[in-house]
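This briefing sets out selected features of one protein model for use in computational work.

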Amino acid sequence: MNITHIGSVLLQPFPWVLVKVTTDDGITGIGEAYHGAGVHQIVVDERLQRPLIGQDPRHVDRLFRDMMRSMSASGFYQGTVMSAISGIEMALWDITGQTLGVPIWQLLGGKFRDTIRLYNDCHAGETETPDGYAAKAKAVEARGFDALKFDIDPLPSRRDRYNRCISNDDIAHYVEVVTAIRESLHPNTDLAIDAHWGYAPVDILKIAYAFEDLNLLWLEDPIPPENVDAMAKVAAATRTPICTGENFYTRFGFRDLIQAQAADIISPDLAKAGGLLEGRRIADLADMYYVPLAPHNICGPVGTVAACHVCAAVPNFLVLEFHHLDNPVWSALLHETPLIHDGQITVPDRPGLGVTVNEDAVRRHAKENLGFFR
Ligand code: MG
C-alpha cells in the first residue's frame with residue numbers, strides 16, 4: 001500500500017483545516033490540522049509531500065520524522081508546519097487502523113475509558129455582569145456539561161495595553177464574576193478560567209490568590225508561554241492549579257515545562273503539537289510527574305474525535321476542550337451525528353478514526369479546496 005495523494009480543505013466560517021490522504025488500494029485517511037494561517041497550503045506543499053508520496057502510510061512514526069526532516073535541516077519544527085504535520089499524522093493513523101480493522105486507540109495501547117468527558121468553553125457571560133456570567137454557566141450546565149471554562153481576558157479599560165498589569169478595579173470585577181459563576185454551579189461541576197497569557201506574574205498572582213477558595217479546576221495560561229521559569233514561579237506560589245500547554249510543540253517542547261513542574265495540568269493541542277502518537281508521548285512524559293492531561297481543542301469534529309482516541313488511551317486524561325456548542329457546521333461535518341451526549345463523546349469502536357466525513361457538507365462549507373476531494 002502506497003500514498004498517492006494528500007489534499008486539504010479550508011472551511012468557513014470557522015477556518016478548520018481538514019486533511020485527506022489517499023492510497024493506491026482505495027483506503028483513504030482523514031485528519032485535521034490546527035487552523036493556523038496558511039496551514040491548508042502547507043499540507044499540500046511539495047516539501048512536506050515529498051517524503052510521503054509513494055510510501056507505505058502505515059509506518060507512521062518514520063513518516064512523522066521524515067516530514068520534520070524534510071521541512072528543516074535539523075528535523076525540528078514548530079508552529080504552522082507542525083500543525084500541518086499533525087493533521088497528516090492523524091490521517092496516517094486512520095489508514096493504519098482501517099487496514100488492520102482496529103480503532104486508533106487500540107494502536108495507541110488500548111483504552112482506559114469508553115467515554116471522553118468534555119468541558120465547554122463558554123468564553124464570556126450573556127452580559128458583562130456577574131449575573132450574566134452565572135446565567136450562561138447554569139444554562140450550559142443544564143445541557144449536561146459537568147465542566148465549563150470562562151475567560152478573564154484583559155478588559156478594554158486597562159490602563160496600559162503593554163505592561164501586562166491590571167487595575168484593582170479590574171481584579172475586583174473578575175473576582176466578583178468568577179465567584180458568581182462558581183456559586184451558580186453544582187458543587188461537583190468543574191470550573192476552569194483562562195487568562196490567555198494576558199498578565200504579569202505579580203498581577204495574575206493577586207487574582208490566583210483571590211480564587212484559591214473557589215476550588216477551580218485550573219487557571220489557564222496566566223502569563224505568556226515562553227518563560228518556563230516564570231510559569232513555575234506562578235504555579236509554585238498559589239493553591240489555584242495552573243494549566244498551560246497549547247503553545248508548546250512536540251515532546252521536546254513539553255520537556256522543560258514538565259521537568260520544571262511549571263504546570264499542575266498540561267493542555268497540548270494534538271492537532272498542533274505533533275498528532276496522536278506525539279500526544280501519547282507528551283501524556284506519558286506528564287504522567288512521570290503525575291500531571292493530568294486536558295488537551296486544548298478548538299477543532300471541528302474530525303480533530304475532536306482524533307483527540308478522543310488519545311484521551312482514551314492514556315491514564316492521566318482529565319477532560320477535553322469543546323468550543324462549538326450550537327454551531328450547525330460543526331455538527332454537519334460527520335455522518336455520525338450528534339457526537340456529544342450529556343457533555344461526553346463515546347469513543348468510536350470502528351476501525352481507524354471510526355467516523356466518516358460528510359463530503360457534501362464539507363463541499364458546502366469549503367472556502368478553499370486544495371485536492372481534498374480528489
Ligand atoms: Mg486557552
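A residue counts as exposed when its relative accessible area is over 50%, as buried when that area is under 20%, and as partly exposed in between. Asp 342, at 61% relative accessibility, is therefore exposed. The model is a predicted one. Its protein chain is divided into domain 1 (3–101 + 358–370) and domain 2 (106–346).

**Domain arrangement and interface**

- The C-alpha centres of domain 1 and domain 2 are separated by 26 Å.
- Contact between the two domains involves 31 residues of domain 1 and 32 residues of domain 2.
- About 2,500 Å² is buried between domain 1 and domain 2, and carbon and sulfur atoms give 71% of this area.
- One salt bridge is counted between domain 1 and domain 2.
- Ten residue pairs, both members at pLDDT 80 or more, are in polar contact across the interface of domain 1 and domain 2.
- On the side of domain 1 that touches domain 2, at least two residues each come from strand E3 (28–33), helix H3 (60–71), helix H4 (79–100) and helix H14 (359–365).
- Helix H4 gives the most to this side of domain 1, with ten residues.
- By class, the side of domain 1 that touches domain 2 comprises 16 nonpolar, eleven polar and four charged residues.

**Salt bridges**

- Side chains of opposite charge can pair when their charged atoms come close.
- The whole structure contains 25 salt bridges.
- Asp 326 and Arg 143 form a salt bridge in which the closest N and O atoms are 2.7 Å apart. This pair links distant parts of the chain, 183 residues apart: Asp 326 is in the loop between strand E10 (320–322) and H13, and Arg 143 is in the loop between helix H6 (130–141) and strand E5 (147–151).
- Asp 326 is exposed, with a relative accessible area of 58%, whereas Arg 143 is partly exposed, with a value of 42%.
- Lys 149 and Asp 194 meet through their side chains in a salt bridge of 3.4 Å, N to O. Because Lys 149 lies in strand E5 and Asp 194 in strand E6 (residues 190–194), the pair ties together parts that are 45 residues apart in sequence.
- Lys 149 is buried at 0% relative accessible area, and Asp 194 is buried at 1%.
- Lys 149 also meets Glu 321 in a salt bridge of 3.1 Å, N to O. Glu 321 lies in strand E10 and Lys 149 in strand E5, so this pair ties together parts that are 172 residues apart in sequence.
- Both Glu 321 and Lys 149 are buried.
- One network, joined by salt bridges that share partners, includes Asp 61, Arg 65, Arg 251, Glu 278 and Arg 281.
- Within that network, the side chains of Arg 281 and Asp 61 meet at 2.8 Å, N to O.

**Backbone geometry**

- Most residues other than glycine have a negative phi, and most peptide bonds are trans.
- The peptide bond from Gln 12 to Pro 13 is cis, with omega near 5°. Pro 13 is in the loop between E1 and strand E2 (17–23).
- Thr 337 and Pro 338 are likewise joined by a cis peptide bond, with omega about 0°. Pro 338 is in the loop between helix H13 (328–332) and strand E11 (340–341).
- Tyr 290 has a positive phi, near 60°. Its place is the loop between helix H11 (276–287) and helix H12 (301–313), and Tyr 290 is exposed at 73% relative accessibility.
- Asp 342 has a positive phi, near 50°. This residue lies in the loop between E11 and strand E12 (344–346).

**Two buried sites**

- His 5 is in strand E1 (residues 3–11). With a relative accessible area of 13%, His 5 is buried.
- Apart from neighbours within four places in sequence, His 5 is in contact with Lys 20, Val 21, Thr 22, Ile 53, Gly 371 and Arg 374.
- Ser 86 is in helix H4. Its relative accessible area is 0%, so Ser 86 is buried.
- Apart from neighbours within four places in sequence, Ser 86 is in contact with Leu 270, Ala 271, Lys 272, Ala 273, Gly 274 and Gly 275.
- Ser 86 and Thr 28 are 58 residues apart in sequence, and their C-alpha atoms are 16 Å apart in space.

Notes. Residues are numbered from 1 along each chain as its sequence is written. This is a predicted model: local features need pLDDT of at least 70, side-chain atom pairs count only at pLDDT 80 or more; totals for chains, interfaces and linings use all residues. Side-chain values use heavy atoms; hydrogens and water are left out. Domain bounds come from an automatic or database domain assignment. Contact means heavy atoms within 4.5 Å. Buried area is the accessible area (1.4 Å probe) that two parts lose on being put together, summed over both. A salt bridge is a side-chain nitrogen of Lys or Arg within 4 Å of a carboxyl oxygen of Asp or Glu. A polar contact is a pair of N or O atoms within 3.5 Å; within protein, one must be able to donate a hydrogen and the other to accept it, and residues adjacent in sequence count only if both atoms are side-chain atoms. Helices (H or I, at least four residues) and strands (E, at least two) are DSSP runs, numbered from the N terminus. Ala, Val, Leu, Ile, Met, Phe, Trp, Tyr, Cys and Pro count as nonpolar, Asp, Glu, Lys and Arg as charged, and the others, Gly among them, as polar. Buried means under 20% relative accessible area, exposed over 50%, partly exposed in between (1.4 Å probe, protein chains only).
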